[in-house]
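Me: Please take me through the packing of this model, one question at a time.

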Amino acid sequence: MTAPTAAARPRVAGPIRLGRNARIAVASVVFLAFFFVFIGPQQFSNALTLGAIYALIALGYTMVYGIIELINFAHGDVFMTGSFVAMTLLTRIILPVTGLTAPIRDVVPLLLVLLLVFALTMPIMGLIGVTIERFAYRPLRNAPRVAPLITAIGVSFILQNIALIIFGPASVNSPQLIAPELNVSMAGATVPYINVFIVVLAVILMLALNQFVGRTRLGRAMRSTAQDREAAQLMGVDLNLTIAITFFIGSALAGAAGVVWGLYLGSVKWDLGFNGGLKAFTAAVLGGIGNTTGATLGGFVIGFIEVSAASKGFSRWSEAIVFAALIIVLVFRPAGILGQQLGERA
């Protein structure tokens, strides 16, 4: 009797193996479902909003580190500066020129004002980021790592003191263009329109960044520079231009986060960048610094941890819980949740 051919043999179904992206998607759904039940739909919307702001700031941290391996401690104060730039544009230029007063209840004027404030603030902050890179970081690119690190701390203090001198030590009111009482009912929760706007905006900007990095020529140059600067330069990549674009995009995203912070809370302050930057840096490390998807995930994780702690009566312990979670993750996965262990370059 002849043995059955390969085509005739019955196939035994093996275990279903999910790809990395599918595992991330499944884990994200489980994570969101858990917190939706744990803290309820109302606090769930607040956690999404706060996490979206942290994620926008964290993207700048992780992009700069991925390209030149610099922990840009001034990035939090770039976010703070963006909030003051947006507030100044709204109170001194946009609203007076248009004759509008906040909050704006007509949809068309509201969208035009929002578009204008983002269209002005993000490029301004991008240019500020490029200027910082050109005069503070580029001369130290080949210096020992401690030199640009100390310089970043110095730039942070410079931005803080400029804001302190110009705007003073007290909180400054920022126009809330979207009325807080305007809301929509979703899943048993009353969600303000500003929360929905911030989350949708953050998701759009994050997806646009992923498409830019993954599908454009400049994005390929950024990825190749992050992998091996010397090899990228030998292949014709302009390092100075690539790094400048990285700072521009990261600072522009921090500027967008500054805009939505003022719109969300209605006030800005000169020391805003310390806490915001610290949380965003923690988010970047938690998700896997150098990984844009990881930074986004880390931002949302921290937002949910903070809001969960506050909703359960542990608001004083929220920051301690955040950093305890960071330590636990790094003990078992030093590269972060989505980070990959990389071998040393030859």
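Reply: A helix here is a DSSP run of H or I with at least four residues, numbered from the N terminus. The model is predicted, so that local features need pLDDT of at least 70 and side-chain atom pairs pLDDT 80 or more, while totals for chains, interfaces and linings use all residues. Residues are numbered from 1 along each chain, and side-chain values use heavy atoms, leaving out hydrogens and water.

Me: Are H9 and H11 roughly parallel or roughly antiparallel to each other?

Reply: Helix H9 (residues 272-287) and helix H11 (residues 318-332) pack with their axes 10 Å apart, at an angle of about 25°. Angles run from 0 to 180 degrees between N-to-C directions, along lines fitted to C-alpha atoms over the stretch in contact. Since angles under 35 degrees count as roughly parallel, H9 and H11 are therefore roughly parallel.

Me: Does Glu133 count as buried or exposed?

Reply: Glu133 lies in helix H3 (residues 107-137), and beyond four places in sequence it touches (heavy atoms within 4.5 Å) Arg138, Arg141, Ile243, Ala244 and Phe247. Buried means under 20% relative accessible area with a 1.4 Å probe, counting protein chains only, and exposed means over 50%. Because its relative accessibility is 1%, Glu133 counts as buried.

Definitions and conventions
Helix = DSSP H or I, 4+ residues; strand = E, 2+ residues; numbered from the N terminus. Parallel < 35°, antiparallel > 145°, perpendicular 65-115°, else oblique.
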